[in-house]
Amino acid sequence: RKVREVLGFLVRIPLFSEMVQSNPRFGFKFLTDDYLARGFSTSEAATCYLHHYRRLHSLLPDRLLRQILQEEVTVHAIPDGSDRFTLTLGLSRPYDNEGELTLRLRVDGDIVYVLSFTIVPGEVVESKASEAFLITRLQGIRGCFRQISIATKALHEVAPDRLLLAALQGIAEAF
């Protein structure tokens with residue numbers, strides 16, 4: 001029943017229908033093992049997936065949502081001398097079972113730290129809130145220690161994970 005509900009939703013919304021046509025996995029990834037969190041039933045996973053995309057569709061203009069899902073958007077840019085730091089938001093790739101959206105800290109264009117999340121109904125994660133941002137990945141990129149160190153120093157000793165969590169909090173408050 002939930003799978004049909006998800007597919008019906010995706011077919012009714014042109015943007016999501018386009019996503020499924022260009023990437024068939026997009027419409028079925030909630031059926032993979034350990035989608036978002038270990039122990040979610042298929043029904044819970046489908047509920048989270050559906051809630052997330054319904055919420056995004058209700059909150060964001062189609063043009064912005066399309067850009068987030070097909071490319072990424074710059075949330076904030078911080079020029080600092082010869083280095084450029086940007087926070088971007090886009091569809092989670094390539095680890096798309098670890099969250100639907102990913103905030104990325106880029107240093108001079110290179111991804112050095114990521115935070116992946118999905119907007120889920122609170123009850124699925126045993127929260128009293130009506131919805132929650134389920135963080136499913138918070139991690140530095142292997143081999144980027146130098147860039148992470150540069151970013152931490154340039155950002156007045158604020159570690160990348162703290163920066164990404166603060167950005168996510170701002171997004172959550174805006175939503």
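Guide: Let us begin with a term: a residue is called buried when its relative accessible area is under 20%, and exposed when that area is over 50%, with partly exposed in between. Please also keep in mind that this is a predicted model.

Visitor: With that term in hand, is C48 buried or exposed?
Guide: The relative accessible area of C48 is 0%. Buried means under 20%, so C48 counts as buried.

Visitor: And C144, is that one buried or exposed? How many disulfides are there?
Guide: C144 has 9% relative accessibility, so this cysteine counts as buried. A disulfide is a covalent bond between the sulfur atoms of two cysteines. The search requires two cysteine sulfur atoms within 2.5 Å, and the number of disulfides found is zero.

Visitor: Let us turn to the rings. How are the rings of F16 and F26 arranged, stacked or edge-to-face?
Guide: Their centres are 6.4 Å apart and their planes meet at 20°. F16 belongs to helix α2 and F26 to the loop between α2 and α3, 10 residues apart. Planes under 30 degrees apart count as stacked, so the pair F16 and F26 is stacked.

Visitor: What is the arrangement of F26 and Y53?
Guide: These two rings lie 5.2 Å apart, centre to centre, with 65° between the planes. The pair spans 27 residues, from F26 in the loop to Y53 in helix α3. F26 is buried at 1% relative accessible area, and Y53 is buried at 0%. Planes over 60 degrees apart count as edge-to-face, and the pair F26 and Y53 is edge-to-face.

Visitor: Which residues do ring pairs link into a cluster?
Guide: The structure has nine aromatic pairs by the rule used here. R54 also lies over the face of F9, 5.7 Å from the ring centre. The cluster linked by ring pairs consists of F9, F16, F26, F30, Y49 and Y53.

Visitor: Now for charges. How far apart are the closest N and O atoms of E18 and R66?
Guide: Side chains of opposite charge can pair when their charged atoms come close. E18 is partly exposed at 34% relative accessible area, and R66 is partly exposed at 28%. The two form a salt bridge, with their closest N and O atoms at 2.5 Å.

Visitor: How many residues apart in sequence are R137 and E98?
Guide: The side chains of R137 and E98 meet in a salt bridge, 3.3 Å from N to O. R137 is in strand β5 and E98 is in the loop between β2 and β3, so the bridge ties together parts whose separation in sequence is 39 residues.

Visitor: How many salt bridges does the whole structure have?
Guide: One of them joins R1 and E5, at 3.5 Å between the closest N and O atoms. The search of the whole structure gives a total of 10.

Visitor: One last stop: which residues form a nonpolar patch on the surface?
Guide: One member, I135, lies in strand β5 and is partly exposed at 37% relative accessibility. Together the members have about 210 Å² of accessible area, and they are I135, L138 and L165.

Notes. Residues are numbered from 1 along each chain as its sequence is written. This is a predicted model: local features need pLDDT of at least 70, side-chain atom pairs count only at pLDDT 80 or more; totals for chains, interfaces and linings use all residues. Side-chain values use heavy atoms; hydrogens and water are left out. Patches are made of residues with over 30% relative accessible area and no salt bridge: like charges are joined within 9 Å, nonpolar side chains (Val, Leu, Ile, Met, Phe, Trp, Tyr) within 5 Å. Accessible areas come from the Shrake-Rupley method with a 1.4 Å probe; for residues, only the protein chains shown count as cover. A salt bridge is a side-chain nitrogen of Lys or Arg within 4 Å of a carboxyl oxygen of Asp or Glu. Helices (H or I, at least four residues) and strands (E, at least two) are DSSP runs, numbered from the N terminus. Buried means under 20% relative accessible area, exposed over 50%, partly exposed in between (1.4 Å probe, protein chains only). Rings of Phe, Tyr and Trp (its six-membered ring) pair if their centres lie within 6.5 Å; planes under 30 degrees apart count as stacked, over 60 as edge-to-face and the rest as tilted. A charge sits over a ring if NZ of Lys or CZ of Arg is within 6 Å of the ring centre and within 35 degrees of the ring normal.
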